[in-house]
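Hi,

Here is the structure I said I would pass on.

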Amino acid sequence: NDNLYVNGALCPTPELVQRLQTLSSGDSLLAPDGLLLALRTDQTVYEAAGLPSVAQNSHTFEPHVPTIRQLWSLIAANGTQIRTDYELITAGRQSQPITDPFTYCYAPENVFLEEEATLRACILNAEDGPIYIGRNALISEGSVLIGPLSVGEEATVNYSSKMRKNTTVGPYCKVG
């Protein structure tokens, strides 16, 4: 009886999440350009086929919300999203130490290693943005990673790979 529909192309911001929590049934939230951001209604998705017309009260949400409207928007927004996710994922947590004596790290305070992440004779440059390395990920010899960058759980960055900023390597992926 209480359904909150949120546009799947949005990259939520804390301001948007806070605003979504205050929507009442029958309220819609629109971007300044008229894009439907969200709708709260008592109707199911099948009953509310024309979602915007179901809204009784429309509200404009002024703060910018990153929106993926074209495929290349993913690339343009990736660095910002890595920074945002890094803050959320690492808040109140301690990184595993870099124990490999042949790995060099610029700005180690901006690098977070999950448990069992393995670094071997690589270079991490987090001066321009954070670097997150997921659980059981492997960064092989000679690789260079420049932040903001994220390497997912169980991912492998193969020998001598060059990973530029604003890059995400998904969980279980192998690159290089």
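Below is what I found when I went through it.

One thing to keep in mind: this is a predicted model.

Overall layout

The chain has 3 helices and 16 strands. Along the principal axes, the C-alpha atoms fill a box of roughly 65 × 30 × 25 Å. About burial: 40% of the residues count as buried. The chain exposes about 10300 Å², and carbon and sulfur atoms supply 51% of that area. If you take the contacts between residues at least 6 apart in sequence, 30% of them join residues at least 24 apart. As for charge, there are 11 positive and 19 negative side chains, and the centres of the two sets lie 7 Å apart.

The cores

The largest nonpolar core has 19 residues, and the ones that touch the most other members are Leu 124, Ile 131, Ile 133, Ile 139, Leu 145 and Val 151. Strands S6 (111-113), S9 (131-133) and S12 (149-151) each supply at least two residues of this core. Another core, of 10 residues, lies apart from it, with Leu 16, Leu 23, Ala 31 and Leu 37 among them.

Leaving out residues up to four places away in sequence, Ile 131 touches Tyr 86, Asn 110, Val 111, Phe 112, Leu 124, Asn 125, Ala 126, Leu 145, Ile 146, Gly 147 and Leu 149.

Ile 75 lies in helix H3. Is Ile 75 buried or exposed? With a relative accessibility of 63%, Ile 75 is exposed, because the cut-off for that class is over 50%. Its C-alpha atom is separated by 24 Å from that of Ala 107, which is 32 residues away along the chain.

Ile 98 sits in the loop between helix H3 (71-90) and strand S5 (104-106). Its relative accessible area is 31%, so Ile 98 counts as partly exposed, the class between 20% and 50%. Which residues does Ile 98 contact, leaving aside its neighbours within four places in sequence? They are Thr 103, Cys 105, Leu 113, Leu 119 and Leu 124. From C-alpha to C-alpha, Ile 98 and Ala 117 are 9.3 Å apart in space, and they are 19 residues apart in sequence.

Backbone details

Where is there a cis peptide bond? Look at the step from Gly 147 to Pro 148, with omega near 5°. Pro 148 is in the loop between strand S11 (144-146) and S12. Gly 147 is also one of the residues that Ile 131 touches.

Then there are two asparagines with positive phi. Asn 136 has a phi of about 60° although it is not a glycine, and its place is in the loop between S9 and strand S10 (138-139). Asn 136 is partly exposed, at 32% relative accessible area. Asn 166 is not a glycine either, and has a positive phi of about 65°. You will find Asn 166 in the loop between strand S14 (162-163) and strand S15 (167-169), where it counts as partly exposed at 31% relative accessibility.

Cheers

How values were computed
Residues numbered from 1 in each chain as written. Predicted model: local features only at pLDDT ≥ 70, side-chain atom pairs only at ≥ 80, totals over all residues. Heavy atoms only, no water. Core = buried A, V, L, I, M, F, W, Y, C linked by side-chain atoms within 4.5 Å. Buried < 20%, exposed > 50% of the residue type's maximum accessible area, 1.4 Å probe, protein only. Helix = DSSP H or I, 4+ residues; strand = E, 2+ residues; numbered from the N terminus. Contact = heavy atoms within 4.5 Å. Areas by Shrake-Rupley, 256 points an atom, 1.4 Å probe, with all protein chains shown as cover. Lys, Arg positive; Asp, Glu negative; His and termini not counted. Charge placed at Lys NZ, Arg CZ, Asp CG, Glu CD.
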